[in-house]
Amino acid sequence: SNIVVLISGNGSNLQAIIDSVKNGAIEGRISAVISNRPGVYGLERAEKSDIPALTVDHTEFASRSDFEQALSQTIDQFQPDVLVLAGFMRILSSEFVQHYLGKMLNIHPSLLPKYPGLNTHRRVLENGDKEHGTSVHFVTAELDGGPIIAQRSIHVTADDTEESLQQKIQQQEHKLYPEVVGWLCNGRLQFKNGQAWLDNQ
Ligand code: GRF
């Protein structure tokens, strides 16, 4: 499959996906990495692996729809089968989402449907949850609300902080996300009738 990855920052999940493509665990190739923020480290990670690294800077557009038009033009040059949001921090309109429905994945640092949106680790600590985790879902127009494909959980201990939770969660994300991207690439995972279908073979 042909994969395009959208990022806004560090790109550690991008790196995990790059590594899984390189070692053959994902049957596909990453044809481009696109950031909405210039100069972020994830773009360097792409360049180090000879993947085209592009920026579509949202601050250069007058409206969300102008930005999204430029973004989707840039994406569509590469004709991706799979569009991966990896720490991409812009909310996407329903028009944009519709264009990639069933092809677009996101990873979110909570056990959805708990804690959509920002500051998930803080909210977990405030609520005294003993369990936390990360979720991969198909992207629909509802923020962090699309069909959940897979999750990994961690235990929250008394000494955990936002930073330690972030670390624990990212370790899990770096295993989970490449696995799910691989399923969408090899056809084991499909989006049908608004639901996630995983072939259990
Ligand atoms: C991840 O924790 C992901 O769950 C969230 O943003 C973070 C991205 O980290 N959506 P990185 O840029 O992949 O290092």
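## The ligand shell

Helix 1 supplies the largest share of the shell around the ligand, three residues, where helices (H or I, at least four residues) and strands (E, at least two) are DSSP runs numbered from the N terminus. The shell comes from a predicted model, in which local features need pLDDT of at least 70 and side-chain atom pairs count only at pLDDT 80 or more, while totals for chains, interfaces and linings use all residues. Residues are numbered from 1 along each chain as its sequence is written.

In total, 15 residues surround the ligand, and the closest are Asn 10, Ser 12, Asn 13, Gly 87 and Pro 109; a residue is counted if its C-beta atom, placed from the backbone, lies within 6 Å of the molecule. Two or more residues are given to this shell by helix 1, strand 5 (104-108) and helix 6. By class, the shell residues divide into four nonpolar, ten polar and one charged, with Ala, Val, Leu, Ile, Met, Phe, Trp, Tyr, Cys and Pro taken as nonpolar, Asp, Glu, Lys and Arg as charged, and the others, Gly among them, as polar.

## Packing of helix 1 and helix 6

Helix 1 (residues 12-22) packs with helix 6 (residues 162-186) at an angle of about 50 degrees, their axes lying 9 Å apart. Helix 1 is therefore oblique to helix 6, the term for angles that are not under 35 degrees (roughly parallel), over 145 (roughly antiparallel) or 65 to 115 (roughly perpendicular). Axes are lines fitted to C-alpha atoms, for helices over the stretch in contact, and angles run from 0 to 180 degrees between N-to-C directions.

Ser 12, Asn 13, Ala 16, Ile 17 and Ser 20 of helix 1 make the contact with Gln 170, Glu 173, His 174, Tyr 177, Pro 178, Val 181 and Gly 182 of helix 6, contact requiring C-beta atoms, placed from the backbone, within 7 Å. These contact residues comprise five nonpolar, six polar and one charged.

## Overall architecture and backbone details

The secondary structure of the protein comes to six helices and nine strands, and its C-alpha atoms fill a box of roughly 50 × 45 × 35 Å along the principal axes.

Leu 112 and Pro 113 are joined by a cis peptide bond with omega of about 10 degrees, and Pro 113 is found in the loop between strand 5 and helix 5 (120-126). Gln 79, a residue other than glycine, has a positive phi near 45 degrees and is found in the loop between helix 3 (64-76) and strand 4 (82-85).

Definitions and conventions: Contact = placed C-beta atoms within 7 Å.
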